[in-house]
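Biologist: I am new to this structure. Could you take me through it step by step?

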Amino acid sequence: MKSRQSQIKRVAAKLFVESGVAGTSVRDIADGVGILSGSLYHHFPSKDAIAFAIVDDFLADLISRYESVLPHVNGMREELRALVHSSVEVAADHPYATEIYQNERAYHGPQAPAQISTAVNRAHEFWVDTATRAGVRGELRPELDPTEFARMLREGVWWSVRYHRESLTENGSAVADTLLAVFVDGAAAQPPHLPATMPGTQSLSARVERLETRLDEIAHRLSD
């Protein structure tokens, strides 16, 4: 029974992303699974119930993963790394769940099912709490608002998941590391520092000192 339900959810998830929940029929899902339409009702009462289960399962696994990894890391970078990598890994285990949540207005705002809304808020708390702790510890730049920083990084994760959907299983770790490099480490390369002893180069202080000496010589000649 559970295996069949999982198959139904996986087939339905792709169809929901391609055509929307409203544009997908029960028969479309049943045909994709290889069963009769009537048989599908033995597992789910409606296609909306399937969509709900897809999003609810994803959120439950996401929160469970956050709860299991965060207690074992410390510091802003390690905590954010745990959140980013966990998010990408769970998204890979639940194909199209994030897109269904993003695409379907029924899951946003006051009209969202209470169970989904509560889970979404709980998931968001992990990001905001992590950024807030980083701000208190002085690990986050003081001009950055922790809540806004958390939102931008979190949304960056979910839109990256959407963009890399087809290769997420293979490239998920690289996607997560890129997000961390941009949002946590910064994207700008540091300028190279040339050693003062390198042929043809001088330290800035030595060059300034020579320039000041030369100006003194010129000023002395003019005064004579």
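Modeller: To begin with a definition: buried means under 20% relative accessible area, exposed over 50%, and partly exposed in between (1.4 Å probe, protein chains only). This is a predicted model, in which local features need pLDDT of at least 70, side-chain atom pairs count only at pLDDT 80 or more, and totals for chains, interfaces and linings use all residues. Residues are numbered from 1 along each chain as its sequence is written, and side-chain values use heavy atoms, with hydrogens and water left out.

Biologist: Is Asp177 buried, exposed or partly exposed?

Modeller: Asp177 counts as partly exposed, because its relative accessibility is 33%.

Biologist: And which side chain does Asp177 meet in a salt bridge?

Modeller: That of Arg81, at 2.9 Å from N to O. The pair links distant parts of the chain, with Arg81 in helix 5 and Asp177 in helix 9, 96 residues apart. A salt bridge here is a side-chain nitrogen of Lys or Arg within 4 Å of a carboxyl oxygen of Asp or Glu. Helices are DSSP runs (H or I, at least four residues), numbered from the N terminus.

Biologist: How many salt bridges does the structure hold?

Modeller: There are 16 salt bridges. One of them joins Arg137 and Glu139 at 2.6 Å, N to O. Through shared partners, Glu79, Arg133, Arg137 and Glu139 form one network of salt bridges.

Biologist: Changing topic, which residues of helix 8 are buried?

Modeller: Among them are Phe149, Leu153, Trp158 and Val161. What covers the buried residues of helix 8 includes helix 4 (47-69) and helix 7 (114-136).

Key. Helices (H or I, at least four residues) and strands (E, at least two) are DSSP runs, numbered from the N terminus. Contact means heavy atoms within 4.5 Å.
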